[in-house]
Amino acid sequence: MARFIERHPAWALIVIIAVAVLLWLVFAIWPPGLEAAIGRKRLFLNAVLNGITLGGLYFLVASGFTLIFGLMRNVNLAHGSLYLFGGYIGYAISTWTGSWILSFIVAFIAVALVGVILQLAVFRRMEGQDLRQTMVTIGLSIVFADLMLWVFGGDFYQVQTPSWLIGPVQLPLLTAIKSSGEPVYLQYPLVRLVIFAASVVIGIAMWLALNRTRIGMIVRAGVDDRDILAATGVRIQLVFVLVFALGAGLAGIAGVVGGTFQSLSPGEDTRFLLASLVVVIVGGMGSIPGAALGAVIIGLAEQLGSVYIPTYAIVVTFLIMVVVLALRPQGLLARR
Amino acid sequence: MSLLQSTQFRPDPTTPTTRRALIRAWPEFQNPVAWLVALILVIMPLIANGFFLIEIFATTLILGIIALSLMFLAGYGGMVSLMQLTIAGFAGYMVAVFGVSGNANISLGWPWWLATPMALALATLFGTLGGALAVRTEGIYTIMITLAIGAAFYYFTNQNWAIFNGHTGINTVATPHFWGVDWRADIAFYYVTLGVAAICYFAVQYVSRAPFGLALQGVRDNSRRMAALGFNPNAHRIAAYAFAAFIAALGGVLQVWNYRQISPGSVSVGACIDVLIIAVVGGITRPIGPFIGALIFVLLRTFALDVLIKFGLDGNRFRLLIGLGFLAIVFWSSDGVIGLWERWRRRSASSTQRSDGGRHG
């Protein structure tokens, strides 16, 4: 952090000012002039929270994507299909057993198994041929999409939120002061906050696993140079399978999350594939903290964009990607 | 390794120099099969009725042109761009926006001879800018970035009502009418697409053998060495994107004339990927590949329903069939249908020919 400030004082200043403005916007009571200019504070706070929680969901999808890419150089364009598959599995389990938690576990295991099969049966056979692997994932995504359309049809599904998570919760964030002087606090759906907290926990757990354990050390070494790693006697194929299973399983969990606070339908797979692509391009390919940063940026941009400039929301996301590519082609937090 | 040299005709030393130069530039002229195919294509309106002429052959040629632009980038430049259909769609939208259409509040109503060049220029610019963005990274990153551009454009057309008219798109786009000919009438339109396809095909052939194309192939094979030799790899790549964007834009203009309407569905992510499938299935080492791939794709798309039902299967599983076919091609022949054909021919014609491993990418 200190090094960043030393090396890029101008950028650090811009970032600090932006954060300060954001904090002021979140915590202060807005003066009437500001409310007249850009609308109610409640709207803004809702958009920010929606953006951050959506960022949590994007992080779950993109972290698996970036992990697989970082280690195996495999641009898994079937990642969106894994997401959707996990969502459908979660939906089936939660309607069958009525347990929301169980649906996460089953979705993780089922999609991780699909990942293991893919890695063993397909990608292992064409190791080192990046382009061909990517083509194969495109083919797989088409096949998966059609199979899922076949089984589940074109309907919208929504995973049932468990009763203990339904309903809003009051946050200690002021939105306005009533004329009687009574403060008005923000109400926000509990389920989104819980899911966001869970994705933060998963993110931290992944970071710890990558930076503090032996397996994590092997994976990090593999990201840097997998040939040398293999030469040191690590059973790299096993590591590949494990990482692919973990990445796919995370996509499966994300599917259940997405199915809970949005909905599942054909086409969601491409949407989330695009989201993870942009997140990973912005954050830096192969970097978990990068995925987290990119996910929050893209989630915020999407939600704030859709509130304040509805017709051009997607352009904002895209512009962020363009700016990052122009200034820092390797992504914000990539090391190279 | 050069895929081209390995397939180039080796001239007989006794032929005169001028003729030899011509043959070296255009080896197709020596190939009787090429002449036969050309003849069949020219007299097609005598053989096929309106449905086959437009729905099968004109559509094939249009998709082939768009896939050809991808083939040029992927085969000679080593850059797999998934935004070629997006460029084509952008050109189509621009034709609809600048020209005459049913949505009078959007279309500016320019005559076609003004609207079409405008659309081509804007789409080429769009493709060049996208390319300039994509060349900032390399290899598989290109796929990700161009896919992101394509998807962003798709969602943008869905959201934007001022220019792109949201998800309904722009309907009843006017088609050119001059010299007393309705150029959208079946036979005339077929010849227009055939002419444009032929021009694009030969242009790609020519460029691939011109100094620029050879330098581009050098950049594909070893950009560092090319840079050391004094070439500017990124400038070559961006120029390749510009050339490919122009070809894709031509395809897009033809496509909007063909369907007379354009909507976000025409630039969806699935459609972008279809173009990649067409090029890969046909083979991305030779300009003829995309047209073969397009023919297979269009035939499958048109008749898979009937065939599947005839076998007692669910007719809606066309995309499954396409996906599995694509997987099979990627698995067993890295050079698409052309590669399979070459391999089969080499096997049957024993070992007189030079062996070349059809590598791509």
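## The nonpolar core

A nonpolar core is a set of buried Ala, Val, Leu, Ile, Met, Phe, Trp, Tyr and Cys residues joined through C-beta atoms within 7 Å. A residue is buried if 20 or more other C-beta atoms lie within 10 Å of its own, exposed if 12 or fewer, and partly exposed in between, with C-beta atoms placed from the backbone. This is a predicted model, in which local features need pLDDT of at least 70 and side-chain atom pairs count only at pLDDT 80 or more, while totals for chains, interfaces and linings use all residues. Residues are numbered from 1 along each chain as its sequence is written, and chains are lettered from A and ligands numbered from 1 in the order in which they are written.

The largest nonpolar core has 202 residues. Those with the most contacts inside this core are A:Val61, A:Val111, A:Ile281, B:Ala148 and B:Ala249. Its largest share, 16 residues, comes from α5(B); helices (H or I, at least four residues) and strands (E, at least two) are DSSP runs, numbered from the N terminus. Leaving aside residues up to four places away in sequence, A:Val61 touches A:Tyr83, A:Ala251, A:Ala254, A:Phe272, A:Ala275 and A:Ser276. Two residues are in contact if their C-beta atoms, placed from the backbone, lie within 7 Å.

## Helix α12 of chain A

Of the 16 residues of α12(A), 15 are buried, so the helix is mostly covered. At 1.5 Å a residue, these 16 residues should span 22 Å, and the end C-alpha atoms are 22 Å apart, which agrees. The expected span is 1.5 Å times one less than the number of residues.

A:Glu268 lies in α12(A) and counts as buried because it has 20 C-beta neighbours inside 10 Å. A:Glu268 and A:Leu84 are 184 residues apart in sequence, but 6.8 Å apart in space, C-alpha to C-alpha. After α12(A) comes A:Gly284, whose phi is positive, near 115 degrees.

## Where the chains meet

The contact takes 29 residues from chain A and 33 residues from chain B. On the side of chain A that touches chain B, the elements giving two or more residues are α7 (130-152), α12 (268-283) and α14 (313-327) of chain A. The largest share of that side, 14 residues, comes from α7(A).

The residues of this side of chain A divide into 22 nonpolar, 4 polar and 3 charged. Here Ala, Val, Leu, Ile, Met, Phe, Trp, Tyr, Cys and Pro count as nonpolar, Asp, Glu, Lys and Arg as charged, and the others, Gly among them, as polar.

## Chain B

Chain B has 16 helices and 2 strands. Buried residues make up 47% of its 361 residues. Of the contacts in chain B with a separation of 6 or more, 74% are between residues 24 or more positions apart.

The 24 residues of α9(B) (residues 186-209) should span 34 Å at 1.5 Å a residue; the end C-alpha atoms are 35 Å apart, which agrees. The buried residues of α9(B) include B:Phe189, B:Tyr190 and B:Cys200. Their cover includes α4 (44-47), α5 (50-77), α10 (211-221) and α12 (233-259) of chain B.

B:Arg260 is found in the loop between α12 and α13 (269-282) of chain B. Its phi is near 65 degrees, a positive value in a residue other than glycine. Most residues other than glycine have a negative phi. B:Arg260 is partly exposed because 16 other C-beta atoms lie within 10 Å.
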